[in-house]
Each structure stands twice: as C-alpha cells, then as structure tokens.
Amino acid sequence: MSGDNRAPVTVIGLGMMGAALAGAYLKAGHPTTVWNRSAAKADPLVEQGARRATDVAEAVAASGIVVVCVFDYTVARTLLDPVRDQLAGKVIVNLTSGLPDEARETAAWAGDAGARYLDGYVMTVPPAVGLPQTLLFYGGDKEIFDAHEETLKVLGGNSVHLGTDPGIAALYDLALLGILWSTLTSALHGFALVGSENVPAAALMPFAEAWITHVVLPTVRGAAQQVDAGHYATDISTVELNAMGLPKMIKASEAQGVRADLMVPIKDFLEKRVADGHGADALASLIEVIRAGDR
C-alpha cells in the first residue's frame, strides 16, 4: 500500500526508541511528523521523508494519532499540557515508561482533554522495532486498539491488548523487566565465578543454555501453576533443602573473590520460609515471603 493509504502519525520524542518508532512508520509508508526538543535529532528521519514539526502544537495538529515516547510521564504531560485544547479527538499512544498509577493518571488527564488514550510498552530494543515478532503491550480502551490495530502493529507484529486498565501494560512491563534484570545479573554472577579460575564466560554458555531450557523454564512454568493454585507440595526440591544449599553458594563466591550480594536476599527468603514452618514446601512458596511486602 502507498503512503496515501496509511494513517498519518506523529512521533513526539526522538531518543533511540522514539527514532526507531518513527523510522518504522516511515518504512511502512505512513506520513510521519516528528518533533524533539533537540531539533537536530530529527535530521536523519527528515532525510528519510519525515516532516519536521517546529513545535509540539504543529506536531499534534499534523496527525490524528500522536505517539509519545519521552523520558517519563511528567515530561509527557509537560509537553502536552500547553496544547491541551488541541487534543480533543486525537488518539494518544503513550509509549513512555513509568508506573501503573502514572499511566492511569495520564489516561484520566487525556480523557478530560477529550483525547482517546492508549498506554503502551515496547518490549524490545530499538533495532527490533517493526519486526513481526516484536512484542508491545497496550492497556486502555479496546475499541481504540481495535480501530488502530493495523497502525499499532507497524511497531511490532506481536502487539497485545492486555485490558481496559491503562496501568496494566506498565505492570506487565515491570514484571518482565524484573525477570530480565535478575536473570542477567545471576548469569553475570555465574560468569564471575568461572572467571575467577580464568574460565571464559563463553565456556559456560552451552551449559547455561541447556540449563535454562530444560531446568529453569520448566521450573518457572511449574511455579506459575503452583502460585495460581496456592498449593506448594513437592517431592522434587524443598525450601529447606535449598536453605541449606544456598549459604554454600555465598561462601564459595566470597572464597573466589566474587560478591555474593545477589544471593543474600534469596537466602533470607528461604530462611524466613523455613522459620515460618514451611520448609517442606516447593520453592514457588517463596512468593508468600515476597507478597508480605504488601502487607
């Protein structure tokens, strides 16, 4: 399809991710208007065919769909507040990272301005924007998502509407980021351990890949089932057994000159669960210690 058949889109915010979003729309043939505080960041996109807006008002006026990708929700509101009167009837797709309550507050603010609002999260790095497998989460009015699904999926073919709560996408984003950060840093801890004996990280990788595929993922999958059921019986690996084993990891790390900080909270969770009389439970039961932070 030619650009004339594609919905005009405005992208506000041209950091690494914002520039990738705008680039994906240009590649797909959408008339694309761009704006950034540092105007020079728009230069490569203008060379690709984007229209440079001179200010936010011009950027908003140019398109019915306004994609916002800036530092945080405060910046997004600061930029859009002066043009609040121009937002009626616009579709604001906010791909700015933040907290669920910030998303809900921004959705309410947009609604008061007469705009239609979707809150979204790009679950990838900039080079993967626009690929068929790229995942984006959205929360908000399902009718808006359905009406503009084709345009939204330009940014990632695996775009998913999670629910009408504008804060739900932020919640999923944080949950998956937590898994990424903890998994990556644990892998780095492993690399540091073998590296203390001059073993390269690459030598551990084949075993790490097999371990994650055949042990870690099935364990996580089983834990999800136990958490949802609220039952933690096991004949495989108990909290008590791991509570005895983890201190050895800490001691070994320290002996190798490797910081064991990552492991200490896990040890504390295990010991707390044992102290509460649940040492015979599965590791999934540690969620009860984690949840206690909400009480």
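Analyst: Helices here are DSSP runs of H or I with at least four residues, strands are runs of E with at least two, and both are numbered from the N terminus. The model is predicted, so local features need pLDDT of at least 70 and side-chain atom pairs 80 or more, while totals for chains, interfaces and linings use all residues. Residues are numbered from 1 along each chain as its sequence is written, and side-chain values use heavy atoms, with hydrogens and water left out.

User: Why is Pro44 called partly exposed?

Analyst: Its relative accessible area is 43%. Buried means under 20%, exposed means over 50%, and partly exposed is what lies in between (1.4 Å probe, protein chains only). Pro44, at 43%, therefore lands in the partly exposed class.

User: What makes Phe137 and Tyr172 an edge-to-face pair?

Analyst: The structure holds two aromatic pairs, and Phe137 with Tyr172 is one of them, at 5.3 Å centre to centre and 65° between the planes. Rings of Phe, Tyr and Trp (its six-membered ring) pair if their centres lie within 6.5 Å; under 30 degrees between planes is stacked, over 60 is edge-to-face and the rest is tilted. With 5.3 Å and 65°, the Phe137 and Tyr172 pair is edge-to-face. The pair links distant parts of the chain, with Phe137 in strand β7 (residues 135-140) and Tyr172 in helix α8 (residues 168-195), 35 residues apart. Phe137 is buried at 6%, whereas Tyr172 is partly exposed at 38%.

User: And why is the pair of Tyr138 and Phe145 called tilted?

Analyst: Their centres are 5.7 Å apart and their planes are at 50°, so the pair is tilted. Tyr138 counts as buried at 0% relative accessibility, and Phe145 counts as buried at 4%.

User: How do you know that Arg104 and Asp165 meet in a salt bridge?

Analyst: Their side chains come to 2.9 Å, N to O. A salt bridge needs a side-chain nitrogen of Lys or Arg within 4 Å of a carboxyl oxygen of Asp or Glu, and at 2.9 Å Arg104 and Asp165 qualify. Arg104 lies in helix α5 (residues 100-112) and Asp165 in the loop between β8 (158-163) and α8, so the pair ties together parts that are 61 residues apart in sequence. Both count as partly exposed, Arg104 at 33% and Asp165 at 29%. Asp101 joins Arg104 and Asp165 in a network of salt bridges.

User: How many salt bridges does a search of the whole structure find?

Analyst: It finds 14. One of them pairs Glu58 with Arg51, at 3.0 Å between the closest N and O atoms. Glu58 is partly exposed at 23%. Another salt bridge joins Lys267 and Glu271 at 3.4 Å, N to O. These two are four residues apart in helix α11 (residues 264-275), so about one helical turn separates them. Lys267 is buried at 18%, while Glu271 is partly exposed at 37%.

User: What makes Trp181 exposed?

Analyst: Trp181, in helix α8, has a relative accessible area of 52%, so it counts as exposed.
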